[in-house]
Amino acid sequence: MTARQTTYKAPKVGRVLIAEDEELVGKSIQTELEKEDFKVEWLQNVEDCEKALRENDYHALVADVYLNSETPNGLELVKTARSIGIPSIIITSALDLEIAKTGLNTGADHLLEKPFETKEI
């Protein structure tokens, strides 16, 4: 599901923050992005991700909607990223219409449902 068309073009060598608590998913995304020459930081909790977003220059955020939580706290990261001009992709294994709508209205640029092909990132 694509949120909206954006004119943002990430540089070929850019920095990406991954916010994902599942080790297999996080490592897979990191490996795929590093193959494409992106510099990747992978963090597993909201607090560390919030701090990293505010203290570093990233070109994109890839965030799990449910990051170590029963509530969609990854959407808070999307709000932070959007407020400082960083495009984001949200990923979730519990895709439903309301979460998709909320995520996209929060400012996510794209949404992927787990499982997905890492090349989709």
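The structure is a predicted model. The protein chain contains 4 helices and 5 strands, and read from the N terminus its elements run β-α-β-α-β-α-β-α-β. Of its 121 residues, 45% count as buried. Among contacts between residues at least 6 apart in sequence, 64% join residues at least 24 apart.

**The sheet**

- Strands of a sheet pair through backbone hydrogen bonds, either parallel or antiparallel.
- In this chain, 5 strands form an open sheet in the order β2-β1-β3-β4-β5, and the pairing is parallel.
- The edge strands are β2 (residues 39–43) and β5 (residues 110–113), each of which pairs on one side only.
- From one strand to the next, the twist averages 15°.

**Strand β1 and its partners**

- Strand β1 covers residues 15–19, and 4 of its 5 residues are buried, so that β1 is mostly covered.
- β1 pairs with β2 in the parallel sense over 5 bridges, and the bridge partner of L17 in β2 is E41.
- To get from β1 to β2 the chain passes through helix α1, and this β-α-β crossover is right-handed.
- β1 also pairs with β3, again in the parallel sense, over 4 bridges.

**Strands β3 and β4**

- Strand β3 (residues 60–64) and strand β4 (residues 88–92) pair in the parallel sense over 4 bridges.

- Helix α2 lies across β1, β2 and β3, and runs at about 165° to β1.
- Helix α3 packs on the sheet as well, touching β1, β3 and β4, and its direction makes about 165° with that of β3.

**Helix α2 against helix α3**

- Two packed helices are described by the angle between their axes and the distance between the axes.
- For α2 (residues 46–55) and α3 (residues 74–83), the axes come within 10 Å and cross at roughly 5°.
- Angles under 35 degrees count as roughly parallel, and α2 and α3 are therefore roughly parallel to each other.
- On the α2 side, the contact is made by V46, C49, E50, L53 and R54, and on the α3 side by E76, L77, T80 and A81.
- Sorted by class, this contact has 5 nonpolar, 1 polar and 3 charged residues.

**Burial in helix α3 and what follows it**

- The buried residues of α3 are G74, L75, L77, V78, T80 and A81.
- Among these buried residues, L77, T80 and A81 also take part in the contact with α2.
- After α3 comes G85, which has a positive phi, near 80°.

- E32 is found in helix α1, which spans residues 23–35.
- Buried means under 20% relative accessible area, and E32, with a value of 11%, is therefore buried.
- Leaving aside residues up to four places away in sequence, E32 touches T118 and K119.

Conventions: Residues are numbered from 1 along each chain as its sequence is written. This is a predicted model: local features need pLDDT of at least 70, side-chain atom pairs count only at pLDDT 80 or more; totals for chains, interfaces and linings use all residues. Side-chain values use heavy atoms; hydrogens and water are left out. Axes are lines fitted to C-alpha atoms, for helices over the stretch in contact, and angles run from 0 to 180 degrees between N-to-C directions. Helices (H or I, at least four residues) and strands (E, at least two) are DSSP runs, numbered from the N terminus. Angles under 35 degrees count as roughly parallel, over 145 as roughly antiparallel, 65 to 115 as roughly perpendicular and the rest as oblique. Contact means heavy atoms within 4.5 Å. Ala, Val, Leu, Ile, Met, Phe, Trp, Tyr, Cys and Pro count as nonpolar, Asp, Glu, Lys and Arg as charged, and the others, Gly among them, as polar. Two strands pair if DSSP finds at least two bridges between them. Buried means under 20% relative accessible area, exposed over 50%, partly exposed in between (1.4 Å probe, protein chains only). A crossover is right-handed if, with the strands pointing away from the viewer, the path from the first strand over the helix to the second runs clockwise.
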